[in-house]
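Q: Could we go through this structure together? I would like to begin with the whole chain and then turn to single residues.

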Amino acid sequence: MSYYKGKPKIMTKETVDEIETYPIEAIPERGLTLDTCKAYGIRTGYNEETGKPQAHYFPHYKKGKLTGFVRRDLTLPKKQAWSVVGDVSVKSELFGQGVEGNSKKVVIVEGMYDAPSLYQVQMDNLKQWEAKNKRKSSIRPVVVSISLGTKNAKEQIGNNLNFINSHDETVLCFDNDEATPEQRKKGVVLGQDAVMEVSMILPEMKNVVLDKNDPNEYLVDGKGAELAKKVQFDAKDYSPSTVVRGGGDLDELMQPIAKGIEIPSFPKLMNLLKGLRPAEFTIILAPPKTGKSTLAKEINYALLKQKFKTFGCYLEEPLIKTKQSFLAIHSGVASLTRA
């Protein structure tokens with residue numbers, strides 16, 4: 001479940017009370033065991049005529065009270081299969097928030113099947129550790145999921161910051177996909193796009209970039225141990241390409257500023273600026289009629305003489321006057337007082 005276009009479809013043929021009577025069973029095609037489905041309260045609805053599973057139901061709560069289910073119809077294609085029964089919104093708790101767990105780390109995923117999948121592989125990892133060390137572990141993982149797709153991830157996570165901040169560490173483990181430029185124009189938000197949006201409200205979070213598309217794919221492919229290891233050891237502090245964290249190597253920070261291009265006409269100014277450096281933006285500010293344009297032309301002329309390519313745009317005078325100005329500077333007829 002990657003995103004919703006507008007509001008999710010609401011089912012009216014079933015009620016929350018009715019779904020509560022449906023059985024909780026293993027979901028073998030998703031690799032989920034009965035214990036895992038019990039932990040998350042995932043129910044299965046059956047087609048009365050065929051006797052085959054027709055839908056999975058994922059419970060959602062508000063302030064600890066069951067208010068609705070996210071429904072996955074097993075007979076429909078993925079994009080048409082998701083709907084809600086009852087009250088499920090961005091104000092709902094994150095899916096799995098009520099599952100018993102005491103880890104100081106909370107992992108947030110983006111799909112209904114992904115949260116129990118990651119929980120299960122982490123529990124399997126703990127059981128292996130317990131068998132190897134012949135003692136019980138008191139730690140239980142905390143894995144939750146956003147409820148209404150990545151387009152609503154930032155808002156729902158923002159509504160549950162008290163729960164998230166009750167843990168020492170937050171790790172995002174969203175799908176490893178990004179919207180194309182064309183999709184972004186349509187408002188589509190996919191996995192890694194949502195990670196960047198969530199980082200605005202969780203600046204200290206960590207992120208795991210998966211080799212497969214999502215956690216459930218690891219489980220189905222028998223790569224659960226690989227997923228558990230990746231979440232445990234490969235979570236990195238998240239910095240989008242548009243954000244750079246402070247600090248750095250001391251030797252790098254102590255490097256002196258590079259010497260720029262000298263403009264011989266203004267030795268004192270060049271001493272203050274240490275020259276003009278490529279890729280730096282220098283702004284000339286002064287009251288009207290004090291020579292800003294003339295100063296810019298003198299700098300432009302000096303750069304041209306040193307064989308640098310320049311671009312001048314003088315909007316407050318005709319082209320002939322600009323040409324005459326450069327000719328006057330070249331001839332020494334008119335120039336600023338040397339600073």
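**Chain overview and selected residues**

A: Of the 339 residues in the chain, 43% count as buried. Please bear in mind that this is a predicted model.

Q: How many helices and strands does the chain have?
A: The chain has 14 helices and nine strands.

Q: And is the chain a compact globule or more spread out?
A: The chain is more spread out than a compact globule, because its radius of gyration is 31 Å, well over the 20 Å that the globule rule gives for 339 residues. Along the principal axes, the C-alpha atoms fill a box of roughly 100 × 50 × 35 Å.

Q: What about the contacts, what share of them joins residues at least 24 apart?
A: The share is 60%, counted among contacts between residues at least 6 apart in sequence.

Q: What does the accessible surface come to?
A: The accessible surface of the chain is about 20,500 Å², and 54% of that belongs to carbon and sulfur atoms.

Q: And the charges, how many side chains are positive and how many negative?
A: There are 49 positive and 42 negative side chains. The centres of the two sets lie 8 Å apart.

Q: Let us turn to helix 4. What should its 20 residues span?
A: At 1.5 Å a residue, helix 4 should span 28 Å; its end C-alpha atoms are 29 Å apart, which agrees. The helix covers residues 114–133.

Q: Which residues of helix 4 are buried?
A: The buried residues run through Asp114, Ala115, Pro116, Ser117, Leu118, Tyr119, Gln120, Val121, Gln122 and Met123, and they also include Leu126 and Glu130.

Q: What do those buried residues pack against?
A: Their partners are helix 2 (34–40), strand 5 (105–109), strand 6 (142–145), helix 9 (215–220) and helix 10 (224–233).

Q: Why does Glu130 count as buried?
A: Glu130 has a relative accessibility of 11%, and buried means under 20%, so Glu130 falls in that class. Leaving aside neighbours within four places in sequence, Glu130 is in contact with Arg135, Lys136, Ser137 and Arg140.

Q: And Trp129, which class does that one fall in?
A: Trp129, also found in helix 4, counts as partly exposed at 33% relative accessibility. Trp129 touches Arg135, Lys136 and Ser137, not counting residues up to four places away in sequence.

Q: What follows helix 4?
A: Lys134 follows helix 4, and its phi is positive, near 55°.

Q: Which other lysines come with a positive phi, for instance around 60°?
A: One of them is Lys274, whose phi is near 60°, a positive value in a residue other than glycine. Lys274 lies in the loop between helix 12 (267–273) and helix 13 (292–305). With a relative accessible area of 42% to its name, Arg184 is partly exposed; Lys274, at 43%, is partly exposed as well.

Q: What is the phi of Lys307?
A: Lys307 has a positive phi of about 70°, although it is not a glycine. Its place is in the loop between helix 13 and helix 14 (319–331). At 75% relative accessibility, Lys307 counts as exposed.

Q: You mentioned Arg184. Where is that residue found, and what does it touch?
A: Arg184 is found in helix 7, residues 181–185. Not counting residues up to four places away in sequence, Arg184 touches Glu178, Ala179 and Asp193.

Q: Now a histidine. Is His167 buried or exposed?
A: His167 counts as buried, at 14% relative accessibility. His167 lies in the loop between helix 6 (161–165) and strand 7 (169–172).

Q: What is His167 in contact with?
A: Apart from neighbours within four places in sequence, the contacts of His167 are Ser103, Lys104, Lys105, Val106 and Val142.

Q: Last one, Phe233. Is that side buried or exposed?
A: Phe233 lies in helix 10 and counts as exposed, at 57% relative accessibility.

Q: How far is Phe233 from Gly101?
A: Their C-alpha atoms are separated by 20 Å, and the two residues are 132 residues apart along the chain.

Definitions and conventions: Residues numbered from 1 in each chain as written. Predicted model: local features only at pLDDT ≥ 70, side-chain atom pairs only at ≥ 80, totals over all residues. Heavy atoms only, no water. Helix = DSSP H or I, 4+ residues; strand = E, 2+ residues; numbered from the N terminus. Rg over C-alpha atoms; globule rule 2.2 N^0.38 Å. Buried < 20%, exposed > 50% of the residue type's maximum accessible area, 1.4 Å probe, protein only. Contact = heavy atoms within 4.5 Å. Areas by Shrake-Rupley, 256 points an atom, 1.4 Å probe, with all protein chains shown as cover. Lys, Arg positive; Asp, Glu negative; His and termini not counted. Charge placed at Lys NZ, Arg CZ, Asp CG, Glu CD. Expected span 1.5 Å × (residues − 1).
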